[in-house]
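Please keep the sequence and the structure in view while reading.

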Amino acid sequence: MKMQVINNALCVGGVRIIEVSRSSVFLIGDTEQIVCSSIVDTPADCSAFSSNQETAEENNDL
Amino acid sequence: MKRWSLVRGMKVNSVSLASIFQIGDNDRIEPVSMELAFREGDQSSFKFGEENFEDYPLFTREIPVPQNTEPVLMTIDNSHSRIQVGQVDITAVLFSSVMQAGSNLKMKTEARIKHIRHVGSNSAGQSLDSGPVSSE
C-alpha cells in the first residue's frame, strides 16, 4: 500500500485536559507508531460492604 | 524533515506513576506501570510486602499486539508545516501515560491496575480474575 501525506500548518487555540491516564498519550507532534495497552480490573463485586457508615462513601469512590 | 511543535504555554499539575512529560524530540518511549491497590478484609490484617504481582494472572499475561500484515510505503511532506498550540492545561498525567510536545518514532505504553476491595464480613463474592493462583 502506498500512502502519501501532505501536512500543512496546524493551529490549535488551546487545550484543556483533566487527566491523561492509564497508558494514554497526548502528543503535540509526530510519531510513527503508538501502542497503548492497559488492563484494569475493578469489578462491581469488589464493592465494600460493612456496617460502618464510611463504606457508603467508599463505594462512590470505586 | 521533522515538523516543529510550537506551544505558547503549558501548565501541568502532576505527572506521576511512571508517566512522562517531555518537551522535545526523542526516539522511543516505553513506560510500564503496574499497580495493586489492596484492601481486603480487615484493614489491620494488611501487611506490606505480602502481595506479589506474579500471584495474579492479570499482571503476567501477555498483551496481544496487532500485527501489521501489509507493508505500507508512506511518504510524508512536512515542508512549510508546523503544529501550533496556544495554552495547554492538564491537571494530571497518570499511570504510564505520555504528554509530549515534540516528535518521536515509537511509543509503547503499558499500565496494569488491579484494585481489589473486599471490606467487612459481608463481601459479595470474588472477581473473575481476582484470586491468587494459590487459593487462600
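Is B:R28 buried, partly exposed or exposed, and at what relative accessibility? B:R28 has 48% relative accessibility, and therefore counts as partly exposed. In this report, buried means under 20% relative accessible area, exposed means over 50%, and partly exposed lies in between (1.4 Å probe, protein chains only).

The model is predicted: local features need pLDDT of at least 70, side-chain atom pairs count only at pLDDT 80 or more, and totals for chains, interfaces and linings use all residues. Residues are numbered from 1 along each chain as its sequence is written, chains are lettered from A and ligands numbered from 1 in the order in which they are written, and side-chain values use heavy atoms, with hydrogens and water left out.

**The contact between the chains**

Chain B contributes 65 residues to the contact and chain A contributes 51 residues, where contact means heavy atoms within 4.5 Å. About 4,900 Å² is buried between chain B and chain A, with 51% of it on carbon and sulfur atoms. Buried area is the accessible area (1.4 Å probe) that two parts lose on being put together, summed over both.

Between chain B and chain A, 53 residue pairs are in polar contact (both at pLDDT 80 or more). A polar contact is a pair of N or O atoms within 3.5 Å; within protein, one must be able to donate a hydrogen and the other to accept it, and residues adjacent in sequence count only if both atoms are side-chain atoms. On the side of chain B that touches chain A, at least two residues come from each of β1 (4-15), β5 (73-77), β6 (82-93), β7 (98-101) and β8 (106-115) of chain B. The most is given by β6(B), with twelve residues. Strands are DSSP runs (E, at least two residues), numbered from the N terminus.

Strand β1 (residues 2-6) of chain A runs parallel to β5(B), and five bridges join them. Two strands pair if DSSP finds at least two bridges between them. Within this pairing, A:Q4 stands opposite B:T75 in β5(B).

**Salt bridges**

Side chains of opposite charge can pair when their charged atoms come close. A salt bridge is a side-chain nitrogen of Lys or Arg within 4 Å of a carboxyl oxygen of Asp or Glu. The count is five salt bridges over all chains, and two salt bridges are counted between chain B and chain A. The table lists examples.

| Residues | N to O distance |
|---|---|
| B:R3 and A:D30 | 2.6 Å |
| B:K114 and A:D41 | 3.0 Å |
| B:R28 and B:E30 | 3.1 Å |
| B:K2 and B:D25 | 3.9 Å |

B:K2 lies in the segment before β1 of chain B and B:D25 in the loop between β2 (20-23) and β3 (28-29) of chain B, so the pair, 23 residues apart, links distant parts of the chain. B:D25 counts as partly exposed because its relative accessibility is 42%. B:E30 also counts as partly exposed, at 42% relative accessibility. In contrast, B:K114 and A:D41 are both buried.

**A residue in strand β1 of chain B**

B:N13 is found in strand β1 of chain B, and counts as exposed because its relative accessibility is 65%. Not counting residues up to four places away in sequence, B:N13 touches B:I90 and B:T91. Although B:N13 and B:I90 are 77 residues apart in sequence, they are 6.6 Å apart in space, C-alpha to C-alpha.

Conventions:
Helices (H or I, at least four residues) and strands (E, at least two) are DSSP runs, numbered from the N terminus.
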